[in-house]
Amino acid sequence: MEFVQSVLRGDRLALSRLLSCVENDVPEGRLALDALFPYTGKAHLIGVTGAPGTGKSSLVNQLALQIRKKEKRVAIVAVDPSSPFTGGAVLGDRVRMRDLAGDSGVFIRSMASRGSLGGLAAATAAVTQVFDAAGFEVILIETVGAGQSEVDIARLAHTTIVVEAPGLGDDIQAIKAGILEIADILVINKADRPGVETTERSLRTMLELAHPVRKVFRHHGQMMELNDGVVPQEGLWIPPVQRTVATDGRGVPELLESIERHVAHLRANGDWMRRERARLQAEFDLLLQEALVSRFLAKIPPSKVEGMLQLIQERRISPREAVYQLLEN
Amino acid sequence: MPERKIRVLVAKPGLDGHDRGAKVVARALRDAGMEVVYTGLRQTPEMIAEAALQEDVDVVGLSILSGAHMALVPRVLELLKANGQEHVRVFVGGIIPDEDVPRLKEMGVTGVYGPGAPTEQIIADIRAALPSVTV
């Protein structure tokens, strides 16, 4: 496989073309993924997610600059939405990443979501595997501008950063399920804007509800501890709240320190391996499902499936019954 | 499900700061079902070639209003070639004097479009230039 050898040698054009093959899910790409798989598992995958306009791309730009100071090679996978009507897309994340141009230790790839709804494209995981095998030590994955339930990134990344900005919601937003729950690190970007204290307070309240902490406070000049019967759990990762200004890089070195602490934490308590295993199992399950479905459908005449669909549409049988009948006969 | 989209890099080399035309074209190509990587203003030819390489695009669209096209376009073409991307089709839009159009095409530019060129024409020309898009 010349592709694979060239990619392992560090050929950037071969890497780029392989990324396309993988994204388009063509046989060449699949074979290359098989061949590259033994070389994967080394990179640190960092997910960056959050609502549109919170500054994800600018933050990724700054993070990459910061990581480059440590001589690590950085790949960036930036996902933007595809049009549900035409399938086309405008991928604009590079606009905020011009500081990274000209650095051969950085490789930026834009991806369209192509109909996936979880905040990533279907092939994003495979694309990160290619970068991993190609020797990129850190892979930054920027999701589409996410609402409340685009949480696929947490299954893919080792460290998930959720980016908020001042003025985006009250404390009820902060206790809802979904995107905030997946954060390993919470970032309040645009921290030079008014309202940053309110945002930080509601995020911290949310974290305290989720993770009991020791409440120590000053009372009449003495430090006192509020014993509300909740024992803080040892070894639990409590997501730090970090303020940044991604346009000028303020707070980014501190953010990188938090990221490094998170990696150390994952490695120390075994979560790194557990996440890795869960991710591989999810990938295996998905591929198994796809393979079984296509193998099964290949044995059934399309007219039979069509007939079933007709019966379902006429409300004569339910979809569940139809599936059952197909499987039994 | 295998899917192959035409990938286009829309870039603005040089120093002029008007990217409305580039955005109109990017939007039109999106509506035609293409995946358009937009790079923003003030790109050097080196930045454009690097982005084209990383994004594995089929087409590079350059918007130039500054009059510097006879310097910028050959440089972009040269760098694409140096990177092994001579298969990438280059289109130029902007303020281009008539007498420069044949010279640009001689250099290897596939299409040149002035103000008011219908976006349908650009879309049709891109599709015609990539009859069998292969990965």
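User: Which residues in α4(A) meet residues in α9(A)?

Analyst: Two residues are in contact if their C-beta atoms, placed from the backbone, lie within 7 Å. Helices are DSSP runs of H or I with at least four residues, strands are runs of E with at least two, and both are numbered from the N terminus. On the α4(A) side, A:Gln62, A:Leu63, A:Gln66 and A:Ile67 take part, and they meet A:Val252, A:Pro253, A:Leu255 and A:Leu256 of α9(A). The residues of this contact divide into six nonpolar, two polar and no charged. In that division Ala, Val, Leu, Ile, Met, Phe, Trp, Tyr, Cys and Pro count as nonpolar, Asp, Glu, Lys and Arg as charged, and the others, Gly among them, as polar.

The model is predicted: local features need pLDDT of at least 70, side-chain atom pairs count only at pLDDT 80 or more, and totals for chains, interfaces and linings use all residues. Residues are numbered from 1 along each chain as its sequence is written, while chains are lettered from A and ligands numbered from 1 in the order in which they are written.

User: How is the angle between α4(A) and α9(A) to be read?

Analyst: Axes are lines fitted to C-alpha atoms, for helices over the stretch in contact, and angles run from 0 to 180 degrees between N-to-C directions. Angles under 35 degrees count as roughly parallel, over 145 as roughly antiparallel, 65 to 115 as roughly perpendicular and the rest as oblique. The axes of α4(A) (residues 56-68) and α9(A) (residues 252-269) come within 10 Å and cross at roughly 70°. The two helices are therefore roughly perpendicular to each other.

User: What is the crossing angle of α1(A) and α2(A), and which residues make the contact?

Analyst: The axes of α1(A) (residues 2-9) and α2(A) (residues 12-23) cross at roughly 125° and come within 8 Å, which makes α1(A) oblique to α2(A). The contact is made by A:Phe3, A:Ser6 and A:Val7 of α1(A) with A:Ala14, A:Leu15 and A:Leu18 of α2(A). Five of the contact residues are nonpolar, one is polar and none is charged.

User: How many residues of α10(A) are buried?

Analyst: A residue is buried if 20 or more other C-beta atoms lie within 10 Å of its own, exposed if 12 or fewer, and partly exposed in between, with C-beta atoms placed from the backbone. The count of buried residues in α10(A) is zero among 28, so by that definition the helix is hardly covered. The expected span of a helix is 1.5 Å times one less than its number of residues. From first C-alpha to last, α10(A) (residues 271-298) reaches 40 Å, close to the 40 Å expected.

User: Where does the side of chain B that touches chain A come from?

Analyst: Contact joins 30 residues of chain B to 29 residues of chain A. The elements giving two or more residues to the chain B side are α1 (20-31), β2 (35-38) and α2 (45-55) of chain B. The largest share, seven residues, comes from α2(B). The chain B side divides into 13 nonpolar, six polar and 11 charged residues.

User: Which residues other than glycine have a positive phi?

Analyst: Most residues other than glycine have a negative phi. Among the cases here, A:Asp25 has phi near 55° and lies in the loop between α2 and α3 (27-36) of chain A. A:Asp25 counts as partly exposed because it has 16 C-beta neighbours inside 10 Å. B:Arg42 has a positive phi of about 50° and lies in the loop between β2 and α2 of chain B.

User: Why is A:Val77 classed as buried?

Analyst: A:Val77 is buried because 29 other C-beta atoms lie within 10 Å. A:Val77 is found in β2(A) (residues 74-80), and the residues it touches include A:Met111, A:Val127 and A:Ile139.

Definitions and conventions:
Lists of a residue's contacts leave out its neighbours within four places in sequence.
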